Amino acid sequence: MITQFLLNGIVAGAIYVLMALGFALIYNTARIFHLAHGAIALLSGYAMFLVAVRLGLGLLPGGLAAVLTAAVVGAASELLLYRPLRRRGAGPNAFVVASFGLFLVLQGLCGALFGTDLKVVRSGVLPTVDVLGQPVAQLHLWIVAVCLVAYPLLQLFLQRTRYGRQIRAVANNPNLALVLGVDVERVRVLVFALGSALAGLAMALIVTDIGVSVSSAWTIILVASIAVTVGGVGYLPGAAVGGLIIGLAQNLWAWQFSGNWPNTATFLVLFVILLLMPRGVFGRGIARREA
Amino acid sequence: MESYVIYVLTLAAIFVLLVASLNLLLGFANLFSLAHAAYFGVGAYVAGVSVVSLGVSFWVAAPLALVLTGLLGALLAIPLLRLRDDYFIIATLGIQFILFEVFYNWVPVTRGPFGLDGIRRPALFGFSLAQDGPFFAFTVAVVALLFVVMWRLTNSPVGRILKSIREDELMTRLLGKPVEAYKVLISAVGAALAGVAGALYAVFLTTIDPSSFDVQTSVLLFLMVVVGGPGNLWGSIAGTVVLTVIPEALRFVGIPSQTAPHIRVMLYGLILILLMLYRRQGLIGEHQVG
């Protein structure tokens, strides 16, 4: 019985990993708590629905639409919102409030355009495969596979390419990077595009599995930000592990108690980590309190 | 028509109290809480359950709501204080979601989505407040009284230290002030007042259900503080009025009722963005956000 929940936890965890990685990339590099990440993901999910179902073009174009929409809107949020804010000397709280405003605008837009019911991109019953004696949907295996491939690819990009190096440089010390000739502003836009694209990818998977509705935006940003905290702020592998932990925690909680309290599970994980391991499970996070 | 006006005005008065109590946290101490609707709910349910299930009089239930909500606010503030700004907000969001799930799922006590009704209005010195008119007067009196209390608090030495924390926390620490203690204190006061607002709300509507205390409401309260003006108690009134009038006015613009709530959400978001870009102190705020 518990096996089923564990397997579900891994699948959920895989998606959360992608969400968390995107958010972490943006947070580490641009130092912005990009609340709107959840709403951009939401928008990309609806974009997929629009292309795949409404326009009838199918899964692959739909998925592409999701990733592209996310990347474009993400980059736009840096160019049109955060950059002007920075130019006006806004403090971190103002950034969070503005990001929250963007979140509401995008979420409202989706609600106005698509309504509040669940939208799914599905073609009939899911074929299943046997894993450890439990039937697992092939789709879920695909989801885990995508995640397993995406993470090393991302790390490869960050470690081995020039742009990746620039991103890491800006994440480490923006001023020094600037002095050394890195176009920090352009790196920021790139990071927003890349981080949002990851969210778009995750969203594309979600839409074919459990669908998307307006309330998904909250879930996404909560999971992403909590996963990053659990793994240690500023530590990318930590974000991935954090996503997995939350996926497992949510499903184990549902196994023990009931599926009615999903948010409580997520936040309990957060509070436990904050109290016991404030620098994340690996202890590699940035210290929580700066005087 | 007249009874509708009194209804709206009473609701507005309760919300002014609620918004002002959030302003204490947000505008005076820089504590960006998205949990305030949850505390509102705690007060409402404590009062409601006391009156309905425990048969206690409102005059006991309301102070009980104040004390319990205030204690909860203080208790929850302690671990939250070690968080950096962005994560503080997420943590308060956590409190909001968890408490909402409690309101919704703890059916034996709160009756969950079925709603808790039969919260009878009390009598004041033998004079019944069951009628809307007298109740409105009573509410205004209570809110005005608490407003004076908040005014005295924010203009007292305690208030000055809070403002100092807001403007430059490091310096305040270096001056030897126990910053954490002050933050816990204001969290307790803000929560306690939200609890009182909740108790008033419970007897005002005589029936409550979780939907009034969800994250949407927290967002709205947050918005009212930011729009009206953080750090200025009169701004709480301004924000409440503006953000109650606009949705009502929109009613006449002729937006299909299906999309109306979403358009409203978009408008809220747009207002926040514009304020952060062009006027971070809201309408009459004493403090700029950020």
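A: In this predicted model, helix H4 of chain A meets helix H12 of chain B through two sets of residues. H4(A) contributes A:Ala94, A:Val97, A:Ala98, A:Phe100, A:Gly101, A:Leu102, A:Leu104, A:Val105, A:Gly108, A:Leu109, A:Gly111 and A:Ala112. Facing them in H12(B) are B:His262, B:Ile263, B:Val265, B:Met266, B:Tyr268, B:Gly269, B:Leu270, B:Leu272, B:Ile273 and B:Met276. Contact here means heavy atoms within 4.5 Å. By class, the residues of this contact comprise 17 nonpolar, five polar and no charged. Ala, Val, Leu, Ile, Met, Phe, Trp, Tyr, Cys and Pro count as nonpolar, Asp, Glu, Lys and Arg as charged, and the others, Gly among them, as polar.

Residues are numbered from 1 along each chain as its sequence is written, while chains are lettered from A and ligands numbered from 1 in the order in which they are written. Local features need pLDDT of at least 70, side-chain atom pairs count only at pLDDT 80 or more, totals for chains, interfaces and linings use all residues, and side-chain values use heavy atoms, with hydrogens and water left out.

The geometry of the pair comes next. Axes are lines fitted to C-alpha atoms, for helices over the stretch in contact, and angles run from 0 to 180 degrees between N-to-C directions. Angles under 35 degrees count as roughly parallel, over 145 as roughly antiparallel, 65 to 115 as roughly perpendicular and the rest as oblique. The crossing of H4(A) and H12(B) is left-handed, that is, the near helix is turned anticlockwise from the far one by less than a right angle, and a right-handed crossing is turned clockwise. Helices (H or I, at least four residues) and strands (E, at least two) are DSSP runs, numbered from the N terminus.

One member of the contact, B:Leu270, counts as partly exposed because its relative accessibility is 42%. Buried means under 20% relative accessible area, exposed over 50%, and partly exposed in between (1.4 Å probe, protein chains only). The C-alpha atom of B:Leu270 is separated by 22 Å from that of B:Leu31, 239 residues away along the chain.

Within chain A, H2 (residues 37–54) and H9 (residues 216–231) have axes that come within 7 Å and cross at roughly 130°. H2(A) and H9(A) are therefore oblique to each other, and their crossing is right-handed. The contact joins A:His37, A:Gly38, A:Ala39, A:Ala41 and A:Leu42 of H2(A) to A:Ser216, A:Ala217, A:Ile220 and A:Ile221 of H9(A). Its residues are six nonpolar, three polar and no charged.

Another pair in chain A is H5 (residues 138–160) and H8 (residues 184–209), whose axes come within 10 Å and cross at roughly 170°. H5(A) is therefore roughly antiparallel to H8(A). Among the residues that meet are A:Leu139 and A:Phe157 in H5(A) and A:Leu194 and A:Asp209 in H8(A). This contact has nine nonpolar, two polar and one charged residue.

In chain B, helix H7 (residues 157–167) has buried residues, including B:Ile161, B:Leu162 and B:Ile165. The buried residues of H7(B) pack against helices H1, H6, H8 and H9 of chain B. B:Leu145 lies in H6 of chain B and counts as exposed because its relative accessibility is 56%.
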